[in-house]
Amino acid sequence: MNVARNVMVEPYLVPGGGATEMAIAQLLNERAKSITGVHQWPYRAISRALEVIPRTLIQNCGANTIRTLTAIRAKHSLPNNTTWGIDGATGNIVDMKTFGVWEPISVKQQVYKTAIETAILLLRIDDIVSGVKKQGGDSHSAPQQAQASEGPEQ
């Protein structure tokens, strides 16, 4: 029922089976190649993160992860092959357009939004924790130095 509602609210579908993620990862890798230095690192990191979806599908099928992932990368590197994904039952690479596996775009958008928000939250928490450690380390080091200087005098 929710899938039907999602399609009625936003009537767009994208290929399933990790095809969308592989297509976006391929585009980000191409973009990263055109950038020099450390500025390409975020593109490559997001590209690798997106490949987790097809990798998980391949692992769940029991297929050879490295071979299949390499084959689907090669397939997506060719022009007009953005709809190739993983068959969830066999682990084979198939064209999702002819295979008939589609996902509502609203679900994909929400997944990406949630992933970005979670990453931002984790970075904020890490920033707060590292700030507390720095403040805590400074306040503890002063009494230890005072105690160390009192020790030799006695």
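Hi everyone. Contact, as I use the word today, means heavy atoms within 4.5 Å. With that in hand, among contacts in the protein chain between residues at least 6 apart in sequence, 58% join residues at least 24 apart.

A word on what we are looking at. This is a predicted model, in which local features need pLDDT of at least 70 and side-chain atom pairs count only at pLDDT 80 or more, while totals for chains, interfaces and linings use all residues. Residues are numbered from 1 along each chain as its sequence is written, and side-chain values use heavy atoms, with hydrogens and water left out.

Let's start with the overall layout. The protein chain has 7 helices and 4 strands; helices here are DSSP runs of H or I with at least four residues, strands are runs of E with at least two, and both are numbered from the N terminus. Reading from the N terminus, the order is α-β-α-α-α-α-β-β-α-β-α.

Next, the surface. The accessible surface of the protein chain is about 10,800 Å², and 60% of that belongs to carbon and sulfur atoms; these areas come from the Shrake-Rupley method with a 1.4 Å probe, and for residues only the protein chains shown count as cover. Of the 154 residues, 27% count as buried. Buried means under 20% relative accessible area, exposed means over 50%, and partly exposed is in between, with a 1.4 Å probe and protein chains only.

How many salt bridges does a search of the whole structure find? The search finds 4, where a salt bridge is a side-chain nitrogen of Lys or Arg within 4 Å of a carboxyl oxygen of Asp or Glu.

Take K108 and E21: their closest N and O atoms are 2.4 Å apart. This pair links distant parts of the chain, with K108 in helix α7 (residues 105–153) and E21 in helix α2 (residues 19–33), 87 residues apart. Are these two residues buried or exposed? Both K108 and E21 are buried, K108 at 8% relative accessibility and E21 at 3%.

K108 also meets the side chain of E103 in a salt bridge, at 3.2 Å from N to O. E103 is partly exposed, with a relative accessible area of 24%. Through shared partners, the salt bridges join E21, E103 and K108 into one network.

Stay with E21 for a moment. Its side chain makes a polar contact with the side chain of Y112 at 3.5 Å. By polar contact I mean a pair of N or O atoms within 3.5 Å; within protein, one must be able to donate a hydrogen and the other to accept it, and residues adjacent in sequence count only if both atoms are side-chain atoms. Leaving aside residues up to four places away in sequence, E21 touches L50, I53, P54, K108 and Y112.

Elsewhere, R73 forms a salt bridge with E51, the closest N and O atoms being 2.7 Å apart. R73 lies in helix α5 (residues 65–77) and E51 in the loop between α3 (41–50) and α4 (52–61), so the pair ties together parts 22 residues apart in sequence. R73 is partly exposed at 33% relative accessibility, whereas E51 is buried at 4%.

Finally, the helices on either side of that loop. α3 and α4 pack at an angle of about 25 degrees, with their axes 5 Å apart. That makes α3 roughly parallel to α4, because angles under 35 degrees count as roughly parallel. The contact is made by R48, A49 and L50 of α3 and V52, I53 and P54 of α4. For the method, axes are lines fitted to C-alpha atoms, for helices over the stretch in contact, and angles run from 0 to 180 degrees between N-to-C directions.

Conventions
Angles under 35 degrees count as roughly parallel, over 145 as roughly antiparallel, 65 to 115 as roughly perpendicular and the rest as oblique.
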